[in-house]
Amino acid sequence: MPAPVATQIPKLNTAVDFGSLAISLTERDTLILSRVNGISSLADLSKGLRISIAELTEIIARLAAHDLIRFDDAAFVDQLLARKRPAKKAAPPAERAAKASVPQEADEPVVDARTSRVLRQGDWTVDTVARVVAQFYAEHATGVLSIRYDPNHSKNLFFENGRLIQVTSRPFDPGQCLGRVLQRIGKLRQQDVVESLVRRKQTDNLQGRILVEMNVISPKELEDVLARQAELKLRDIFTLWQEGVWDFRAVESFGPELARVDLDLPRLLYSLIWKYYDFDTREDETGRGMRAKVIGADHRAVFAIEDISDNPHVSKAWHEVMDKDTPFQRLEVIARMKSDTLDRFVRTLSLLGLAVILDRPRAGDASGRIKLLRDRLTQALQSNHFDILGIHWNATTRDIQRAYEKAGEEREKALRGAETSEERDLIERFFERQEKAFDELQHRKRRYEYRVKTFGESFVLTHIELHRQKAESLLFTKEDYLKAAVEFENAIEIDPDNADFYAEYGLARFLASYPSKSDGVRQARRSLSRSLNMAPETEMPHLCAGIVALKIKDPKAAAICFQRVQAINAANALAGYYLHEIETGKPSEDDLDRATKTFLTERDRRLRRGA
């Protein structure tokens with residue numbers, strides 16, 4: 001026995017293709033569909049829309065009969081369907097023609113079998129599909145490239161003069177339609193979807209253009225979401241499918257029934273590989289021992305680096321190394337990417353056909369290796385110590401030690417493979433440069449002086465200030481103590497004589513570790529003690545020590561610290577707040593926020609003027 005009609009809760013069938021409905025939606029239908037959310041009962045809808053339960057039930061019955069609306073109560077659904085079953089009659093010729101003219105997600109390529117022909121076909125794997133797609137882009141072909149996983153699953157790519165203008169999936173996935181994509185990224189409401197599809201049936205215009213006309217999205221947002229939609233349609237190839245067959249069917253031209261989208265194919269392929277290719281588990285020629293490989297340009301490449309990236313630094317770095325085959329380690333130094341990111345980048349370019357990964361330079365003999373060693377040595381003579389070791393200019397003692405040990409291992413390996421005395425001499429000379437760099441950088445004080453000498457005092461001071469501002473914001477405002485500790489470590493690395501940084505680093509470590517992590521607490525206390533010994537007449541070490549004393553519930557010790565702060569700087573708002581809290585026993589979050597803001601503002605002002 002179904003529950004009372006008024007208590008039933010309708011839900012929208014989100015899997016339905018609103019672009020190919022068997023019925024025409026009225027304005028009232030659209031209004032009701034836009035309010036159905038799986039929460040409101042029929043009684044709530046009746047009251048909100050000012051429609052009687054009886055009239056609402058009639059409309060709901062018609063929508064449910066076409067599976068646009070669903071209910072959890074099966075008995076109630078049977079009751080509705082018995083009440084309103086759609087008549088099975090053919091649509092008028094005019095309606096059929098109008099429906100046929102609306103661009104749809106096609107199950108098969110929209111081509112005329114009389115004028116098309118299969119030109120080429122073959123097998124594909126996930127490693128080669130990008131090259132197959134690029135082949136028809138390079139040939140300025142017009143036709144349909146069908147990539148099949150099995151007889152029931154395929155992706156059809158429509159090319160017009162080499163441009164990718166549409167992608168369809170078989171079987172059709174409602175989750176990949178334009179409206180669903182826009183809803184998932186928060187650009188579209190359900191009522192906008194319904195209204196746009198009603199207008200689409202009335203005007204035969206494309207849904208994307210209608211949404212732009214409705215001012216729901218901008219033309220640029222439409223362009224971005226169409227690229228995202230194409231990416232969704234193709235991602236199965238890189239995530240679920242492993243191999244299959246493909247064929248290309250050439251045509252003279254496509255008719256107006258095909259909705260054209262101008263897709264940026266190189267960026268689309270790059271995005272698909274970067275996001276979805278499983279580099280960690282798939283074995284290919286680029287996946288074994290990348291550190292020992294040599295990278296070079298593929299002279300048959302269809303795309304250029306500028307086709308996939310607007311970043312001038314990526315383009316510049318790539319061109320610097322692509323005029324010759326380059327060891328991966330040198331590419332790391334020039335590109336300044338993290339190792340895992342660079343590894344992924346090179347392998348992505350390899351799959352796109354821009355790069356080749358080699359065991360040795362293509363010269364393949366001692367003369368080729370000698371040329372590379374000479375180039376590397378020449379580069380080292382013109383580089384700073386950080387670049388010679390392949391590390392960031394802000395590297396720590398630990399980073400420098402690891403880089404030197406790695407350089408020693410590479411030297412031994414290179415010497416074992418050397419075939420001539422000249423080759424061995426060049427290897428030793430390059431390692432001598434690395435030794436000199438290590439000797440200069442391994443001591444923190446000399447490292448600081450070298451940074452100032454190499455990069456300039458203003459460069460170093462600017463970065464010290466940037467680290468300080470970011471770290472103090474994380475510590476005092478955002479209360480992200482672990483990140484604050486990292487930033488203070490970076491600041492100490494650049495400016496090892498700054499007592500404030502040791503104090504703030506100690507406070508950040510203490511707040512991140514107390515009470516459970518005893519090692520962190522001990523390290524924090526050592527850093528605080530060091531700051532007090534370095535600069536007993538400055539306010540920050542005493543302020544940080546006072547906050548630590550408050551945290552361990554020692555108000556007397558805390559008060560002594562804060563009084564010391566005020567003796568040094570009577571205007572320190574944070575010390576004033578904490579003393580007031582200790583005296584009254586009444587903490588206030590609002591007052592603390594104001595005091596913190598005043599403290600940081602005044603501190604920035606004083607440091608900028610050199611006080």
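Predicted model: local features only at pLDDT ≥ 70, side-chain atom pairs only at ≥ 80, totals over all residues.

**Entry 1**

Residues are numbered from 1 along each chain as its sequence is written, and side-chain values use heavy atoms, with hydrogens and water left out.

The side chains of Arg447 and Glu493 form a salt bridge at 2.6 Å, N to O, a term that requires a side-chain nitrogen of Lys or Arg within 4 Å of a carboxyl oxygen of Asp or Glu. Arg447 belongs to helix H21 (residues 444-455) and Glu493 to helix H23 (residues 481-494), so that distant parts of the chain, 46 residues apart, are linked by the pair. For helices I follow the DSSP runs (H or I, at least four residues), numbered from the N terminus.

Glu493 also meets the side chain of Arg451 in a salt bridge, at 2.8 Å, N to O. Because Glu493 lies in H23 and Arg451 in H21, this pair ties together parts that are 42 residues apart in sequence. Arg451 is buried, as is Glu493.

**Entry 2: other salt bridges**

How many salt bridges does the structure hold? I find 30. One of them joins the side chains of Arg374 and Glu422 at 2.2 Å, N to O; Arg374 sits in helix H17 (residues 366-381) and Glu422 in helix H20 (residues 421-441), 48 residues apart. Arg374 is partly exposed, with a relative accessible area of 44%, and Glu422 counts as partly exposed at 34%.

**Entry 3: helices H24 and H26**

I then turned to helix H24 (residues 499-513) and helix H26 (residues 539-551), whose axes come within 8 Å and cross at roughly 15°; the axes are lines fitted to C-alpha atoms over the stretch in contact, with angles from 0 to 180 degrees between N-to-C directions. H24 and H26 are therefore roughly parallel to each other, the label for angles under 35 degrees, while over 145 is roughly antiparallel, 65 to 115 roughly perpendicular and the rest oblique.

Which residues of H24 meet H26? On the H24 side I list Asp500, Ala503, Glu504, Leu507, Phe510 and Leu511, and on the H26 side Met540, Pro541, Cys544, Ile547, Val548 and Lys551, with contact taken as heavy atoms within 4.5 Å. The residues of this contact divide into nine nonpolar, no polar and three charged, where Ala, Val, Leu, Ile, Met, Phe, Trp, Tyr, Cys and Pro count as nonpolar, Asp, Glu, Lys and Arg as charged, and the others, Gly among them, as polar.

**Entry 4: two single positions**

Not counting residues up to four places away in sequence, Ile217 touches Leu182, Lys187, Leu211, Val212 and Leu222. Lys187 is 30 residues from Ile217 in sequence and 7.2 Å away in space, C-alpha to C-alpha.

Gln183, found in helix H7 (residues 178-184), is partly exposed, with a relative accessible area of 23%. Leaving aside neighbours within four places in sequence, I note its contacts with Leu188, Arg189, Gln190 and Val193.

Key:
Helix = DSSP H or I, 4+ residues; strand = E, 2+ residues; numbered from the N terminus. Buried < 20%, exposed > 50% of the residue type's maximum accessible area, 1.4 Å probe, protein only.
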